Structures are given as C-alpha cells and as structure tokens.
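Work through the exercises below with the model in view, and try each task before reading its solution.

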Amino acid sequence: MIESSLLLSAYAAGYFPMAESRTSSIQWYSPDPRAIIPLNGLNVSRSLRQVIRKKIFEIKIDGAFENVIRSCAMREETWISDEIIESYCELYRRGYAHSVEAWKEGLLSGGLYGVALGGAFFGESMFSISRDASKVALVALVDRLNARGFRLLDTQFSTPHLRRFGTIEIPRSEYLRQLRKAVRLGCSFLD
C-alpha cells in the first residue's frame, strides 16, 4: 500500500501514481502539459442539461466509495491495481478521497472518484453503466467544488471525452502555480 502521507505530499507537489497495467508496479507522473477543467468553464450540452433537469439520477457523495473505484478498475487494461484501490480506500477513510455517484432506481449507475486537498480536487477516474451517469456526476462535482470555494479541478490528462466538458491543457509551470495557491485554501469537500 502507498502510505497516505506520501500520496498527499505527492499531490501537493504535482505528482500522482498509476500502476503499470501488466506488472502492477507503481509509477509516478507529473505531465507537461497538465489537463484541468476550469471551474468557471464547464461545458454542459443542452441534452445533458435536460437529463439533469429530469432527475433521472440521484447524486450521492461518498455513499459507495470502494464500489466506485472498483467499477472504475473494471476494464481490460487498467492502471487501478489492487494496491491503488487499497491506498485510495485508506485516503477515503482519512477523509481525503471522495466519490460522486449517480444512482438510478437504487442502483449505482456511474460516478467518479478523486482526492481533495485544500482547494484542489484531483479527479482520478470515472465509470458509467447507464448512459450519461458519469457525466451527471461530473456536473455535480463541479457544482460542489464551486459552492465550496475550490479553485482547481485537475484531470491529469486530456481525453476527447473530457475536452467536451471544457478541459484544457496548461504548462506544468502554470499548473504548479495554481496548485500552490489552491492547496493553501481551507476548503471542505464535505458539509
């Protein structure tokens, strides 16, 4: 297991771990450029707004953290090894890792998890069983971060899926500047 203190220090310095999919060995990354979603710049399509208005999904926070991370790991190739799961479950128990979940008819249908440190949230992974579930969870995450004064939403890497929501890439130097300011804030992810 990766010690919680090491994980938190790494995040504060701009690094995060991923397991190599074949060997499960832990590697540390600090990409340049770094991908973020500007908290004032989330793009939400009209169709997704309609899904949210219909209240198809019930949003829960930290209702099934371990189920979320395990669901994120359920793919053919994954960087979420057993050691990563164990390490982030410990961060969850310590109050640093969180899940945002979309439930439909009493079933966990999608969601995401990440780490909150000061005014920064580091999105780790998301999954979806039902159409739009992870998208609704992402919108709920951004709403929550904005309501609680967070300043940084780190997505680590840019993907075509995340770019639809307004993800941008910034130089590592700019990321680290924003990170230093964000982690000093006394934000609380939970009520």
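Helices (H or I, at least four residues) and strands (E, at least two) are DSSP runs, numbered from the N terminus, and the expected span of a helix is 1.5 Å times one less than its number of residues. This is a predicted model, in which local features need pLDDT of at least 70 and side-chain atom pairs count only at pLDDT 80 or more, while totals for chains, interfaces and linings use all residues. Residues are numbered from 1 along each chain as its sequence is written, and side-chain values use heavy atoms, leaving out hydrogens and water.

**Exercise 1.** Find how far helix α7 reaches from its first C-alpha to its last, and which of its residues are buried.

Solution. Helix α7, residues 172-183, has 12 residues and reaches 16 Å, close to the 16 Å expected at 1.5 Å a residue. Taking buried as under 20% relative accessible area and exposed as over 50% (1.4 Å probe, protein chains only), the buried residues of α7 are Y175, L179 and A182. They cover an arc of only 65 degrees around the axis, judged by the directions from the helix axis to the C-beta atoms, which puts them on the same side of α7. On the other side of α7, S173 and K181 are exposed.

**Exercise 2.** Determine how α2 and α5 are oriented to each other.

Solution. With axes as lines fitted to C-alpha atoms over the stretch in contact, and angles running from 0 to 180 degrees between N-to-C directions, α2 (residues 46-54) and α5 (residues 133-147) cross at roughly 85 degrees, their axes coming within 10 Å. The two helices are therefore roughly perpendicular (65 to 115 degrees). Their contact (heavy atoms within 4.5 Å) is made by L48, V51 and I52 of α2 and K135, V136 and V139 of α5.

How values were computed. Angles under 35 degrees count as roughly parallel, over 145 as roughly antiparallel, 65 to 115 as roughly perpendicular and the rest as oblique.
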